[in-house]
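Please work through the following exercises with the sequence and the structure side by side. Each task is followed by a solution in steps.

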Amino acid sequence: MLQTLLAILVIGLVLAFRFRSMSKKRPLNASRLWIAPAILVGIALMTIIARPPGILGLSLCFMALIFGGLLGWHRGKLMRIECDPETGQLTQSASPAALILLVAIIAVRFAARSYFEGQPTPGKLDENTLLVTDVLLCFAVAMIAMTRVEMGIRARAILSATKGDTLGAD
């Protein structure tokens, strides 16, 4: 019980600080958006290859990739991207809806973890637990990757539109 309360407190504090800083604009480097998804895809592949799921697991992972990708694309659309006309620097600021989506995902993960926590023998993960973690991992990787893809496409379009406006103004 103490572990659950501590986890809720930590998540609450992190979200409170994050919610406060959401309105602040941060620099966005569109050319580096691929780095985090590439690292996460590598980690996910190593994790799944180390103990591959069966046919059911692979099909669930595939569905998680699709669903995570769709939610990630939507989450990317919720991010505000602007270009400073004077400097040409892209900035981003998160949307409260994007944060709410992340909180919902954390809640689902927490519920799944709580459900499977008492199932296996202590110190040994059973197949159901591994399957749930594989599916959640695929979901998270697809969501993060597609968020970055959507943001990258939009950032490049904003940059080209800004450069086009600058060229047209001369």
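The model is predicted, so local features need pLDDT of at least 70 and side-chain atom pairs count only at pLDDT 80 or more, while totals for chains, interfaces and linings use all residues. Residues are numbered from 1 along each chain as its sequence is written, and side-chain values use heavy atoms, with hydrogens and water left out.

**Exercise 1.** Compare the span of helix 3 with its expected span, and list its buried residues.

*Solution.* Helices are DSSP runs of H or I with at least four residues, and strands are runs of E with at least two, numbered from the N terminus. Helix 3 covers residues 55-78, 24 residues in total, and reaches 35 Å from its first C-alpha to its last.

**Exercise 2.** Find the aromatic pair and describe its geometry and setting.

*Solution.* Rings of Phe, Tyr and Trp (its six-membered ring) pair if their centres lie within 6.5 Å, with planes under 30 degrees apart called stacked, over 60 edge-to-face and the rest tilted. The count comes to 1 aromatic pair. F67 and F139 form this tilted pair, at 5.7 Å centre to centre and 35 degrees between the planes. Because F67 lies in helix 3 and F139 in helix 5 (residues 127-169), the pair ties together parts 72 residues apart in sequence. F67 is partly exposed at 49% relative accessible area, whereas F139 is buried at 11%.

**Exercise 3.** Determine the strand order of the sheet and its edge strands.

*Solution.* Two strands pair if DSSP finds at least two bridges between them. Here 3 strands form an open antiparallel sheet in the order 1-3-2. Strand 1 (26-27) and strand 2 (80-83) are the edges, each pairing on one side only. Strand 1 is joined to strand 3 (residues 90-93) by 2 bridges, and P27 stands opposite T91.

Conventions. The expected span of a helix is 1.5 Å times one less than its number of residues. Buried means under 20% relative accessible area, exposed over 50%, partly exposed in between (1.4 Å probe, protein chains only).
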